[in-house]
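Welcome! Here is a short briefing for anyone meeting this structure for the first time. Take a look at the sequence and the model, then read on.

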Amino acid sequence: MAFFSIIIPLYNKQDYIENTLKSIFNQTFTDFEIIIVNDGSTDNSYNLVQSLSDKRIRLFSTENRGVSAARNFAMSNATGEYFAFMDADDFWYPQHLEKIAYTLSKYNHLKVFTTLLEVETRNGVFPGNYTHLSEAEIQEVDLFETSLARTILSGSTTVIHKNVRQKIGPFNEQLSNGEDTEYWIRIGFNYKIGVYNAITARHVYVSGSLSHHTFDMKKHCHFEQFAEMEKNNPPAKKMIDINRFSLALQCKINRDTENYRMLTNSINRESLSAKQHLLLRLPPQILVLLQQFKGFLERKNIRLTAF
């Protein structure tokens, strides 16, 4: 039985999966298995993985059901004590698993762990923007307090003990957008998180990965299931409201007035900044122009945020 089971959903990532796996093979901590679930790829992804001879790879193939179903399938077949999530187009720096193992050895009362992520965009590479982290090398944090700008958990840095799935359940297979955030929020209501306070992973920019997706509110997390729990947890309410804000902007841009009103009516006014309230009031065409302007500034190494 391996210490880590690395969970990788794979769908049409033939241009990335070899680099991702190379970053895993280069880990200084080597007690792991790799569970790859080929989610009905139509490119050469499956064959590329199958051609590799590393015995730590366990490759499965299913019909295309989405990333949540692939992760759930992988976790059901994993043998490790801890599940380490990894996306098929991202990569780890060599000491990623070593730093996670070090953190969990110091905080063995915890069940959820992460490091920090850097994000590659078409305009450059930027460190993740987290909130309320101290300067300590390792620290125990609250998901909601540290995730007001970007969630401290991610699909390529999060590690959970195998028993976490038994308590909070599987990923929601009905969602295809925001399924990660929905799962992290469920974790946040049940667990504190051990953080190694350094970047050990990169989210890789994939050109066109979202450009052809039609906005469908039915496939987004609406956050209603958290309405009662967030009432008695102000940091959770604020973090979830910020996610409602982001989704409300998408609804406005896509002229989905009904869901825009549903989301904004659920937001506590004090959860948002003055800038965010202003953005919610702007017409859709102005929001689109602001998105384009933001991209232009990022290419000049100038970053604008809604915070």
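Which residues does Asp-241 touch, not counting residues up to four places away in sequence? Asp-241 touches Ser-266, Ile-267, Asn-268, Ser-271 and Leu-272. Please keep in mind as you explore that this is a predicted model.

**Asp-241 and its helix**

- You will find Asp-241 in helix H9, which spans residues 234-253.
- Asp-241 has a relative accessible area of 0%, so this residue counts as buried, a label that asks for under 20%.

**The nonpolar core**

- The largest nonpolar core is made up of 83 residues.
- Phe-4, Ile-6, Ile-8 and Ile-187 are the residues with the most contacts inside this core.
- As background, nonpolar side chains tend to be buried together in soluble globular proteins.

**The cavity**

- The count comes to 1 cavity of 30 Å³ or more, and the largest cavity holds about 30 Å³ of space.
- Its lining is formed by Val-37, Asp-39, Thr-62, Arg-65, Ala-69, Ala-70 and Phe-73.
- Strand E2 (32-39) and helix H3 (67-77) are the elements that give two or more residues to this lining.
- Helix H3 gives the most, with 3 residues.
- By type, the lining of the largest cavity divides into 4 nonpolar, 1 polar and 2 charged residues.

**Strand E10 and its partners**

- Strand E10 covers residues 193-203 and runs antiparallel to strand E5 (residues 91-92), with 2 bridges joining them.
- Within that pairing, Phe-91 has Arg-202 in E10 as its bridge partner.
- With strand E6 (residues 112-121), E10 pairs in the parallel sense over 7 bridges.
- Here the bridge partner of Leu-117 is Ala-201 in E10.
- Strand E8 (residues 138-141) is joined to E10 by 4 bridges, and these two strands run antiparallel.
- In this case Gln-139 stands opposite Val-195 of E10.
- A handy point when viewing strands: in a regular strand the side chains alternate between the two faces of the sheet.

Key
Residues are numbered from 1 along each chain as its sequence is written. This is a predicted model: local features need pLDDT of at least 70, side-chain atom pairs count only at pLDDT 80 or more; totals for chains, interfaces and linings use all residues. Side-chain values use heavy atoms; hydrogens and water are left out. A nonpolar core is a set of buried Ala, Val, Leu, Ile, Met, Phe, Trp, Tyr and Cys residues joined through side-chain atoms within 4.5 Å. Buried means under 20% relative accessible area, exposed over 50%, partly exposed in between (1.4 Å probe, protein chains only). Contact means heavy atoms within 4.5 Å. On a 1 Å grid over the protein atoms alone, a cavity is a set of points where a 1.4 Å probe fits but cannot get out, and a pocket is an open set with protein on both sides within 12 Å along at least five of seven lines; lining residues have an atom within 4 Å of a point. Grid points are joined across faces, edges and corners, and a volume is the space filled by probe spheres set on the points. Ala, Val, Leu, Ile, Met, Phe, Trp, Tyr, Cys and Pro count as nonpolar, Asp, Glu, Lys and Arg as charged, and the others, Gly among them, as polar. Two strands pair if DSSP finds at least two bridges between them.
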